[in-house]
Amino acid sequence: MLLTVSTTLQPATDLGYLLHKHPDQVQEFRQSFGVATVFYPEASDDRCTAALMLDVDPVRLARSRAKGSPDFSLAQYVNDRSYAASSLLGVAMAHVFSTARSGRCQARQELADRAIPLEIAIPVLPCRGGPTIAHRLFAPLGWTVEAEAIPLDERFPEWGDSRYVRLRLTGDVRLADALNQLHVLLPVLDESKHYWQGPDEVDKLLRSGEGWLATHPDQELITRRYLGRQGALTRVALARLAELGDDVEDAVAPAEDEEALQPEAVRIPLNTQRHDAVHQALLELGARSVVDLGCGPGQLVERLVATPSFTRITGTDVSVRTLQHAARRLHLERMSERQAERVTLFQSALTYEDPRLAGYDAAVLMEVVEHVDPSRLEALERVIFGAAKPGAVLVTTPNREFNVRYEGLSGMRHRDHRFEWDRAEFAAWSDRVAATYGYVVERRGIGEHDDVLGAPTQMAVFVRGAADDQYSVDQHRVNQRGTRD
């Protein structure tokens, strides 16, 4: 089976830097099921093509299969795996071009970070659904798609088309994105994998799909096919995708959107006022250990690290790339050993129980709950208030009533918001959660206060009730200096 990647970028041979494979060399990479070879059939300043050829050994493939494979008997040895692109090619590509898929290129990083003209060709691709499904999956990603059905036998046209297509994609796409899209969509089109799929497949899907899958119109179809139509895995993946939002940049976009809408007279950005209010509330609570749930690029974590009284600081997010941004912001690699011991970052979805979330004096959900589907809110409540049980929980969210003050705003403040509460709705929700899980709650406003509309951001400070041995209302009496709704 064969995959070619071409570019007309000037000079086109820079493709070798991006793929980390020299155009003048032929390189072989052994796989458990055969040998992958990378070579360049053309390499000039005007056009360069890299080819990945995978030579599959059917006997080795059969012997390497996990138990429970759908193939059996003679079908393990007589199949199309040696001749058609499939998950085998996807796995080989992930191994051979692993650095290119990560988007790293020390020699040409500025090139790796931007879209370049690409042409990708696969001569024989299993495609359940024919050319139509190939167009559905690739066109929304910015590709011009040419998918031609291959007849069963050209000598007998009455037999019709096979389930294979010739695929050609052209477009200006970042190389790392192109490779990750292929890694996911090759087995999706084939609707078959050569290996057993476990829970770690969800993480693989989300890593390779980061930045494009969450916004793809056929997100559910891709997820279901990639995970072999395993209902439990598909539900987990779709729930995590719903929480993921659009992309890393969107993790900070709610604040950016609000700042763009604020009148010029507002001197202090609302996002800054939110961080100030949360930071002050944590100090008032006397919290020593804090977990920022949905930490995004690490703005609050950075502020907590700069405050010596916080001795244990954790940031979690559903997006691995966002956590990488946070690590860079915090300069974790340059921290002293003593300083680094205070800080932890890890990936986690807030609607699934995670023992790592337990044992903190305080947890923060800053501009997070409005990104969760209403049907998943109770799961979040159980995970945070019922299972993790921090001593205090700080929740901030937009006040919908204040939206009329934003000129030109129609609808919600950000396209990824699933809902926005007015003050009465937020009060009803916070009172119910407090009563259900044994907390007391106080509500505050953040930002410019309007006598009729309230403040643009509303905050609830939950403190675990007096019956709890570790935290009591007297121990964590919330200071009344904050502006109330």
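Two strands pair if DSSP finds at least two bridges between them. Helices (H or I, at least four residues) and strands (E, at least two) are DSSP runs, numbered from the N terminus. With these terms, an open sheet of seven strands can be read in the order 10-9-8-11-12-14-13, with mixed pairing. Strand 10 and strand 13 (439–446) stand at the edges, each with a single partner strand, so one side of each has no neighbour in the sheet. From one strand to the next, the twist averages 15°. Axes are lines fitted to C-alpha atoms, for helices over the stretch in contact, and angles run from 0 to 180 degrees between N-to-C directions.

This is a predicted model, in which local features need pLDDT of at least 70 and side-chain atom pairs count only at pLDDT 80 or more, while totals for chains, interfaces and linings use all residues. Residues are numbered from 1 along each chain as its sequence is written, and side-chain values use heavy atoms, with hydrogens and water left out.

Stay with the sheet. Strands of a sheet pair through backbone hydrogen bonds, either parallel or antiparallel. Which way do strand 13 and strand 14 run? They run antiparallel, and eight bridges join strand 13 to strand 14 (residues 457–464). Val441 stands opposite Phe462 in strand 14.

Helices pack on this sheet. Helix 14 (residues 320–330) touches strand 9 (312–317) and strand 10, and its direction makes about 165° with that of strand 10. Helix 16 also packs on the sheet. It touches strand 8 (289–293), strand 11, strand 12, strand 13 and strand 14. The direction of helix 16 makes about 145° with that of strand 12. Here, contact means heavy atoms within 4.5 Å.

Now look at the whole protein. It has 17 helices and 14 strands. Of its 485 residues, 54% count as buried. Buried means under 20% relative accessible area, exposed over 50%, partly exposed in between (1.4 Å probe, protein chains only). The accessible surface comes to about 21800 Å², and 50% of it belongs to carbon and sulfur atoms. Accessible areas come from the Shrake-Rupley method with a 1.4 Å probe; for residues, only the protein chains shown count as cover. Among contacts with a separation of 6 or more, 71% are between residues 24 or more positions apart.

Next comes the loop between strand 10 (343–347) and strand 11 (362–366), where Asp354 lies. Is Asp354 buried or exposed? It is buried, because its relative accessible area is 15%. The side chain of Asp354 makes a polar contact with the side chain of Arg356, at 2.8 Å. A polar contact is a pair of N or O atoms within 3.5 Å; within protein, one must be able to donate a hydrogen and the other to accept it, and residues adjacent in sequence count only if both atoms are side-chain atoms. Not counting residues up to four places away in sequence, Asp354 touches Phe346 and Ser348.

Gly359 is found in the loop between strand 10 and strand 11. Gly359 is exposed, because its relative accessible area is 54%. Leaving out residues up to four places away in sequence, Gly359 touches Ser289, Arg312 and Ala388. Gly359 and Val291 are 68 residues apart in sequence, but 9.5 Å apart in space, C-alpha to C-alpha.

Helix 3 (residues 87–96) has eight of its 10 residues buried, so it is largely enclosed by the rest of the structure. The buried residues include Leu88, Leu89, Met93 and Val96.

Some backbone details deserve a look. A cis peptide bond joins Gln10 and Pro11, with omega about -10°. Pro11 sits in the loop between strand 1 (2–7) and helix 1 (15–19). His20 is not a glycine, yet its phi is positive, about 60°. His20 lies in the loop between helix 1 and strand 2 (27–31), and it is partly exposed at 35%. Lys389 has a positive phi near 50° and is also a residue other than glycine. Lys389 is in the loop between helix 16 (377–388) and strand 12 (392–398). At 48% relative accessibility, Lys389 is partly exposed.

Last, the cysteines. A disulfide is a covalent bond between the sulfur atoms of two cysteines. The cut-off used here is a pair of cysteine sulfur atoms within 2.5 Å. How many disulfides does the whole structure hold? The search finds zero. Cys105 is buried at 2% relative accessibility, and Cys127 is buried at 2% as well.
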